[in-house]
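Thanks for coming. I have one structure to go through today, and I will keep to what was computed from it.

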Amino acid sequence: MVDAFHAPAGPLQGWTKPSTLAVTPPRAGRTELIEQWHQRCAALGLSRVERPDFDPLRRSDLVVARERNQRLFTHAAPVMEMLLEQIVDTDSMIVLADTTGTILHSVGDDKFLQRANKVALTPGVSWAEHSKGTNAIGTTLVEETPTVVHGGEHFIHANNFLTCSAAPIFDPRGEMLGVLDVTGDQRSYHQHTMGLVRMSARMIENQWLSDDYGNRLRLHFHGRAEFIGTLLEGIIVVGVDGKILGANRGALDQLDMSIAALRMQSLTSLFGITASAVFDHFRAPLPTPMMLHAANGQQFHVSARFNGPQRGVVLDMPVTSVEPRMPGGAGAPPVQAAGAAAAATQHPSPSSHPPFSGLHYLDTGDAQIAAALQKVRRVINRDIPLLILGETGTGKELLARAVHQDSNRARQPFVAVNCASIPESLIEAELFGYEDGAFTGARRKGSVGRIVQANGGTLFLDEIGDMPLSLQARLLRVLQERNVTPLGSLKSIPVDIAVIGATHRNLREMIDAGTFREDLYYRLNGLVVRLPALRERSDLDVVARRILLAECPQDTPEIDASVLALFKAYAWPGNLRQLANVLRTAAVMGAGESHIYEHHLSDDFLEDARRVRPHAAPLAAAQAPAPPPPGAPALPEAAHAAAVPEHTMRPTPDAEPRPDAPPEVPRTLGEAGIDMIRSALAAADGNISVASKRLGISRNTIYRKLRWNNRD
């Protein structure tokens with residue numbers, strides 16, 4: 001298989017660091033284009049003398065934003081570290097931003113990071129055009145093409161010392177995932193920087209495609225045979241019926257087609273061959289590349305991949321999702337979740353075991369959970385909407401995914417939309433889609449919208465109570481009529497979806513206050529179930545044991561009695577997500593020991609927990625091994641990178657054995673160390689130097705471990 005971390009090795013070799021090359025200004029002839037961008041900013045009410053906005057997201061909101069984009073970060077972080085080696089010592093930094101323009105992560109030269117901080121170029125700050133004017137990140141989001149903004153081309157004068165090169169990152173279906181950017185001192189500009197950024201974005205895109213379609217037929221092609229296996233190759237994904245499901249940027253460039261046009265094609269219409277013929281050819285021993293001709297006469301050398309998933313399915317509770325996300329709760333790393341998502345899209349072989357019940361798996365012995373699950377079982381496949389209530393972190397999305405998994409729609413998409421995380425100005429377009437040119441800043445090719453993406457499957461509307469009142473009427477009409485009309489279009493698209501809503505708000509109080517429509521409430525609450533907070537559950541020890549089994553499947557430590565008592569006395573405001581964070585850190589700190597003791601817990605958690613139990617001395621001190629040496633890092637439990645997805649919690653040894661249970665996915669000490677590094681980076685807001693000092697390891701060690709972590 002050719003993945004993003006094997007394919008790019010060739011193209012990146014031979015690049016010379018920009019600092020060793022002659023510095024030249026951006027190409028001429030940009031005056032009219034820059035003027036158009038500036039006029040757009042002026043129309044937004046911005047001033048060129050605006051002061052830098054130092055009002056970033058609250059830390060908790062940044063954690064949510066990072067968690068929402070965890071899969072993007074997982075694929076991008078190693079690529080960013082690889083790119084950093086190409087531009088080191090050039091007064092530059094590398095930035096990853098999401099589709100709202102919010103900076104999620106940055107790495108770079110320490111001195112330049114400090115300069116960038118003075119203009120709020122730092123994690124948690126939005127660099128969308130409406131906030132920061134013309135800049136590479138925000139302008140790329142609008143233009144959806146690689147963009148250079150150099151020196152005085154920035155709209156806001158305070159940013160004129162910067163030179164920025166950014167490229168969008170797309171998924172195989174053409175939906176934008178985020179932006180990768182290299183920013184430096186404008187005196188260090190070099191024309192090759194954009195080439196490095198574009199190739200790095202393609203690396204991320206190709207890895208995303210591999211994770212999405214690990215078990216699908218993928219055709220790797222190029223007009224020149226020597227370019228197959230490099231970042232210049234095209235990759236198209238083919239369904240069992242021969243239809244084109246997705247493609248990378250190289251395929252679109254070579255075929256000169258948009259992703260929307262390409263997805264309307266089949267192998268037969270594109271290359272005049274059937275999927276079965278391709279399978280037959282490449283199943284032969286030592287098959288040779290095929291020569292295929294496109295309808296316009298182009299000739300391509302073609303190789304095929306239809307290998308199994310790159311990572312084992314976690315549990316046997318696969319996730320089928322248009323964009324696999326990391327639910328807030330306990331489980332395995334997001335890279336495993338992505339592998340499970342890819343495997344779940346495939347048809348099982350006749351000899352495969354019957355699918356495992358997601359709802360049965362969630363039954364961990366708590367009476368309230370059991371009662372909720374029993375209710376849910378009765379409405380599956382009955383076309384009855386489900387509304388899940390509960391505090392943040394109680395596992396609402398995990399339950400929604402389990403319902404989808406156990407339903408007749410399990411092989412169709414599960415599309416999750418967090419109504420609280422999408423800006424109010426964008427949520428209508430995000431949900432319903434839009435036509436080309438429907439509004440200022442709209443993507444040139446339009447977008448089908450999340451509701452249409454969920455056609456045939458399940459639409460999960462998380463935090464539905466945060467949906468703007470103006471959109472509630474339109475959502476109600478869609479749910480009643482099962483038709484969607486994209487913005488700027490006169491055509492309605494029929495949809496067949498199961499709807500699951502979730503919220504931590506009191507919708508009845510919102511109805512009384514006039515902030516939530518009563519008719520929409522009764523349309524969503526065919527069945528209402530409430531998930532208890534962790535402090536209200538009787539199965540904390542079982543859940544904690546599952547988390548530890550996920551972290552340390554071999555030599556799983558026990559939880560010391562004093563720690564378990566501390567856990568049971570604690571209120572757990574972050575619920576399952578917080579428990580998973582605490583235990584993951586403790587498992588790393590206590591690696592190799594037989595028990596989790598109090599000195600393995602992070603200091604901030606102990607401080608909070610001991611407020612509840614001020615009279616309790618750490619009983620484990622007398623029976624535990626010697627405490628860790630002075631200066632050993634204690635990681636904040638709120639660090640987003642330590643969050644463990646709920647969908648990978650493993651059953652306890654006491655659970656009734658299932659003959660069809662697959663083998664556990666092993667977890668090594670090296671993987672635990674990677675998680676520890678990610679936690680330290682999160683706590684340091686991505687600052688490599690600070691994280692290396694806290695961990696007591698060198699910057700190069702962090703670079704090396706992150707760079708190679710995701711290689712298969």
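**Overall build**

Contacts, meaning heavy atoms within 4.5 Å, come first: of those in the chain with a separation of 6 or more, 71% are between residues 24 or more positions apart. Before going on, this is a predicted model, in which local features need pLDDT of at least 70 and side-chain atom pairs count only at pLDDT 80 or more, while totals for chains, interfaces and linings use all residues. Residues are numbered from 1 along each chain as its sequence is written, and side-chain values use heavy atoms, with hydrogens and water left out.

The chain has 29 helices and 19 strands. Those are DSSP runs, numbered from the N terminus: H or I over at least four residues for helices, E over at least two for strands. Of the 712 residues, 57% count as buried, where buried means under 20% relative accessible area, exposed over 50%, and partly exposed in between, with a 1.4 Å probe and protein chains only. The accessible surface is about 29,200 Å², and carbon and sulfur atoms hold 52% of that; the areas come from the Shrake-Rupley method with a 1.4 Å probe, and for residues only the protein chains shown count as cover.

Now two strand pairs. Pairing requires at least two DSSP bridges between the strands. Strand 1, residues 92-97, and strand 2, residues 103-108, pair in the antiparallel sense over 5 bridges. Methionine 93 has glycine 108 in strand 2 as its bridge partner. Their hairpin has 5 residues between the strands, and there glycine 101 takes a positive phi near 90 degrees.

Strand 3, residues 147-150, runs antiparallel to strand 4, residues 162-170, with 4 bridges joining them. Threonine 147 stands opposite alanine 166. Which residues of strand 3 point which way? Thr147 and Val149 point one way, Val148 and His150 the other, and all are buried. In a regular strand the side chains alternate between the two faces of the sheet.

How many disulfides does a search of the whole structure find? The count is 0, a disulfide being a pair of cysteine sulfur atoms within 2.5 Å. Cysteine 41 is buried, with a relative accessible area of 0%, and cysteine 419 is buried at 2%.

That is what I have.
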